[in-house]
Amino acid sequence: MNNTVFLNTMRFVLLVLTQVLIFNNLHFMGYINPMVYVIFFYWYPIKGNRALFMVISFLLGFIIDIFSDTLALHSIASLTVAYARPVLMRFCFGVNYEFQNFSFKNTTKVQRLTFLGLLILIHQMVFFSLEILSISHFLLILKKVFTTGIVTLVLCTLFSSLFSPQSE
């Protein structure tokens with residue numbers, strides 16, 4: 001138990017530092033800023049305390065907001081993803097998610113990639129919809145969601161393959 005808490009704390013801190021110090025300063029093609037901290041929602045333990053997960057998700061978004069000066073956009077997007085995570089898991093992994101012995105090692109790569117992609121898609125939709133806050137700019141929202149989402153998905157997949165233990 002203490003090992004899991006320590007691992008999640010280190011992931012939290014390292015993802016915040018990576019996002020704030022590296023990825024917030026990158027501007028691919030002028031407007032693409034990958035949001036790699038979204039992988040925390042993928043890495044968080046499946047059977048963890050849901051209320052604690054919501055609080056940690058809010059804190060993650062809030063800390064990113066403080067350093068990014070984005071007026072709670074990351075916080076709202078993070079809370080939305082944290083709230084939707086069980087539904088997304090049920091959608092991606094089916095009935096197997098309901099069982100006590102469920103783990104990511106018993107799933108296919110396509111299921112895991114779909115789950116990560118949906119987490120990123122929801123996060124990006126909420127974030128950019130609130131950032132632009134205009135239905136008349138719907139195509140701009142879609143452009144930002146898909147371009148930033150694809151870059152974020154590629155980087156999160158890379159991080160997941162490099163830093164996830166084989167036992168997950």
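**Exercises on a predicted model: pocket, core and salt bridge**

Of the elements that line the second largest pocket, H1 supplies the largest share, five residues. The model is predicted, so local features need pLDDT of at least 70 and side-chain atom pairs count only at pLDDT 80 or more, while totals for chains, interfaces and linings use all residues. Residues are numbered from 1 along each chain as its sequence is written, and side-chain values use heavy atoms, with hydrogens and water left out.

**Exercise 1.** Describe the lining of the second largest pocket.

*Solution.* Step 1: apply the term. A pocket is an open set of points on a 1 Å grid over the protein atoms alone, where a 1.4 Å probe fits, with protein on both sides within 12 Å along at least five of seven lines; lining residues have an atom within 4 Å of a point.

Step 1: list the lining. It consists of 14 residues, and Thr4, Val5, Asn8, Tyr44 and Leu52 lie nearest the centre of the pocket. Two or more residues come from each of helix H1 (2-21) and helix H3 (50-68); helices are DSSP runs (H or I, at least four residues), numbered from the N terminus.

Step 2: Nine lining residues are nonpolar, five are polar and none is charged. Here Ala, Val, Leu, Ile, Met, Phe, Trp, Tyr, Cys and Pro count as nonpolar, Asp, Glu, Lys and Arg as charged, and the others, Gly among them, as polar.

**Exercise 2.** Identify the residues with the most contacts inside the largest nonpolar core, and the elements that build this core.

*Solution.* Step 1: the core has 45 residues, and Phe40, Phe41, Tyr42 and Phe115 have the most contacts inside it. Such a core joins buried Ala, Val, Leu, Ile, Met, Phe, Trp, Tyr and Cys residues through side-chain atoms within 4.5 Å.

Step 1: H1, helix H2 (39-43), H3, helix H4 (73-93), helix H5 (109-132) and helix H6 (138-163) each give two or more residues. H4 gives the largest share, nine residues.

Step 2: beyond four places in sequence, Phe40 is in contact (heavy atoms within 4.5 Å) with Asn8, Phe12, Leu15, Ile56 and Leu60.

**Exercise 3.** Locate the salt bridge and state the exposure of its two partners, Lys144 and Glu131.

*Solution.* Step 1: the criterion is a side-chain nitrogen of Lys or Arg within 4 Å of a carboxyl oxygen of Asp or Glu. The count comes to one salt bridge.

Step 1: Lys144 and Glu131 pair at 3.7 Å, N to O. Lys144 lies in helix H6 and Glu131 in helix H5, 13 residues apart.

Step 2: Lys144 has a relative accessible area of 18% and is therefore buried, whereas Glu131, at 38%, is partly exposed. Buried means under 20% relative accessible area, exposed over 50%, and partly exposed in between (1.4 Å probe, protein chains only).
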